[in-house]
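Open the model in your viewer and keep the selection tool at hand. The tour goes stop by stop, with something to select at each one.

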Amino acid sequence: MLIQEAVNLDIRVAVLDPSPDAPCSKIAHEFICGDFMDFQTVIEFGKKVDVLTIEIEHVNVDALDELVSLGKKVYPEPSFLRMVQDKGLQKEFFEKNHIATASFFLVQTREDLLKLNSPTPFIQKLRRGGYDGKGVLAIRSAESLQKESFDAPSVIEEMINFEKEIAVIIARNVSGEVKTFPLVEMEFNAEANLVEFLFSPANVSDVIEKEAIRLAHLIVEKTKFIGLLAVEMFVTKNGEVLVNEMAPRPHNSGHHTIEACPTSQYAQHLRAILNLPLGDTALLLPSVMINLLGEKGFSGPVVYSGLAEALATPGVFIHLYGKSDTRPFRKMGHVTITDINPSLAHSKARQIARLIKVVS
Ligand SMILES: Nc1ncnc2c1ncn2[C@@H]1O[C@H](COP(=O)(O)OP(=O)(O)OP(=O)(O)O)[C@@H](O)[C@H]1O
Ligand SMILES: [Mg+2]
């Protein structure tokens with residue numbers, strides 16, 4: 001999706017990805033198959049390009065530092081990536097900068113955690129390597145603490161009884177211009193621990209919207225962030241806004257911007273890192289985004305059912321990622337549904353979610 005936007009501005013994109021049949025391999029100007037955790041591979045790749053960016057934060061940051069010292073432009077900056085790679089450092093950053101977040105402490109091992117005898121329930125998150133809810137546990141009882149908790153450096157967080165989860169996508173370019181996209185609201189699939197529906201505009205009060213946007217601005221201003229940043233937040237039952245975590249790249253909660261905004265999150269990311277003026281982020285139409293997840297019970301070469309009927313519906317935009325195999329709950333694509341009437345957008349989205357099935 002980033003490449004599709006780059007083509008419009010005649011920007012040539014080279015991609016490094018460990019999978020030989022990565023979806024982008026078919027459309028990148030140059031595709032290098034390699035491990036982005038490997039120092040030398042990243043250095044060699046980085047030497048080829050003028051500006052280097054990431055779409056996953058689990059990359060070799062030492063190599064990025066080295067590329068910066070060789071005079072390469074790397075955005076977001078390696079120091080920011082180092083912070084977000086570690087949920088413990090992220091939480092310490094929030095605390096230090098008075099950015100409201102769930103209270104927490106850090107542990108090294110399960111033994112440490114058991115010694116502290118923390119009252120349940122609480123949330124345990126691996127400091128490193130988690131994504132898509134993997135690496136996050138809700139510990140609800142002493143028994144689950146004994147049997148299920150991670151034995152690894154982790155963040156122990158207060159379990160927030162939230163009203164809803166929202167996200168703000170914010171961009172800051174090299175010159176310091178800043179723009180946010182309208183708020184989005186997430187609805188999770190409890191079983192997969194993945195976002196299932198995403199609504200924009202979010203149904204929150206003006207006060208909450210202002211606070212969410214203030215927090216996102218505070219983060220980019222404090223860090224002089226360059227690029228596109230998704231800030232995930234909780235709205236609590238008593239109307240507080242707490243920052244959950246951040247992702248310094250185009251994000252699942254911004255996919256709808258491709259059709260719903262004059263500038264997509266991908267175009268905005270490119271503008272930010274190439275120091276171009278940031279684009280218009282107005283929401284043109286109410287929208288709902290659904291992730292197309294592999295159906296439970298199906299693994300193997302993917303088959304999509306219901307596509308033709310979905311395509312026949314006005315305001316339905318399908319994006320298949322070109323992954324050859326499906327697995328239960330694997331993200332295989334997404335659909336954006338727009339309608340001038342927000343409640344019609346919602347009902348159409350639920351209908352499309354029932355219609356399209358990712359099977360094998
Ligand atoms: N302190 C908390 N209290 C209650 N629920 C939480 C808390 N922290 C996380 N969660 C729930 O777990 C989900 C995943 O957590 P988080 O976003 O931190 O992890 P992640 O694996 O990086 O997720 P993803 O990659 O899907 O964004 C959250 O979206 C939220 O639903
Ligand atoms: Mg998250």
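This is a predicted model. Begin at the ligand.

**Stop 1: ligand 1**

Select ligand 1 and the residues around it. The shell has 20 residues, and the closest are K87, D132, G133, E165 and E245. Colour the shell by residue class: eight residues are nonpolar, three polar and nine charged.

Now look for the polar contacts. Which residue puts a polar side-chain atom 2.7 Å from an oxygen atom of ligand 1? Select K87 to see that pair. Next, go to E158. Here the backbone is involved: one of its N or O atoms lies 2.9 Å from a nitrogen atom of the ligand. Then show the side chain of N244, where an N or O atom is 3.1 Å from a ligand oxygen.

On its own, ligand 1 has 610 Å² of accessible area, and the protein covers 90% of that. Which elements supply two or more residues to the shell? They are the strands β6 (122–126), β8 (154–158), β9 (162–172), β13 (227–236) and β14 (241–247).

**Stop 2**

Beyond its neighbours within four places in sequence, I166 meets L183, V184, E185, M186, A202, V204, A212, V231, E232, M233 and V235. Two charged residues, E185 and E232, are in that list.

**Stop 3: helix α10**

Select residues 265–273, helix α10. Why is this helix largely enclosed by the rest of the structure? Eight of its nine residues are buried. Pick them out one by one: Q265, Y266, A267, Q268, H269, L270, A272 and I273.

Then show what packs against them. The partners are α1 (2–8), β3 (51–52), β9, β10 (178–180), β13 and α9 (257–260). Step past the end of the helix to N275, which follows α10 and has a positive phi, near 55°.

**Stop 4: H256**

Go to the loop between β14 and α9 and select H256. Is H256 buried or exposed? Its relative accessibility is 2%, so H256 counts as buried. Show what surrounds this side chain. Apart from neighbours within four places in sequence, H256 is in contact with V184, L198, S200, C261, L283, S287, M289 and T336. V184 was also on the contact list of I166.

**Stop 5: T180**

Move to strand β10 and select T180. At 17% relative accessibility, T180 is buried too, because the cut-off for that class is under 20%. Draw a C-alpha to C-alpha distance from T180 to A230. The two are 50 residues apart in sequence and 9.7 Å apart in space.

Which residues does T180 touch, leaving out those up to four places away in sequence? Select V168, I169, I170, I213, H217 and T281.

**Stop 6: two cis peptide bonds**

Zoom in on the backbone from Y75 to P76. This peptide bond is cis, with omega near -5°. P76 sits in the loop between β4 (73–74) and α4.

Now jump to S200 and P201. A cis peptide bond joins them as well, and its omega is about 10°. P201 belongs to the loop between β12 (194–200) and α8. S200 is also one of the contacts of H256.

**Stop 7: positive phi in two loops**

Select H98, in the loop between α5 and β5 (104–107). Its phi is positive, near 55°, and the residue is not a glycine. H98 is exposed, at 70% relative accessible area.

Finish at K224, in the loop between α8 and β13. K224 is another residue other than glycine with a positive phi, here near 50°. Is K224 buried, exposed or partly exposed? With a relative accessible area of 48%, K224 is partly exposed.

Technical notes:
Residues are numbered from 1 along each chain as its sequence is written. Chains are lettered from A and ligands numbered from 1 in the order in which they are written. This is a predicted model: local features need pLDDT of at least 70, side-chain atom pairs count only at pLDDT 80 or more; totals for chains, interfaces and linings use all residues. Side-chain values use heavy atoms; hydrogens and water are left out. A residue is near a molecule or strand if one of its heavy atoms lies within 4 Å of it. A polar contact is a pair of N or O atoms within 3.5 Å; within protein, one must be able to donate a hydrogen and the other to accept it, and residues adjacent in sequence count only if both atoms are side-chain atoms. Accessible areas come from the Shrake-Rupley method with a 1.4 Å probe; for residues, only the protein chains shown count as cover. Helices (H or I, at least four residues) and strands (E, at least two) are DSSP runs, numbered from the N terminus. Contact means heavy atoms within 4.5 Å. Buried means under 20% relative accessible area, exposed over 50%, partly exposed in between (1.4 Å probe, protein chains only).
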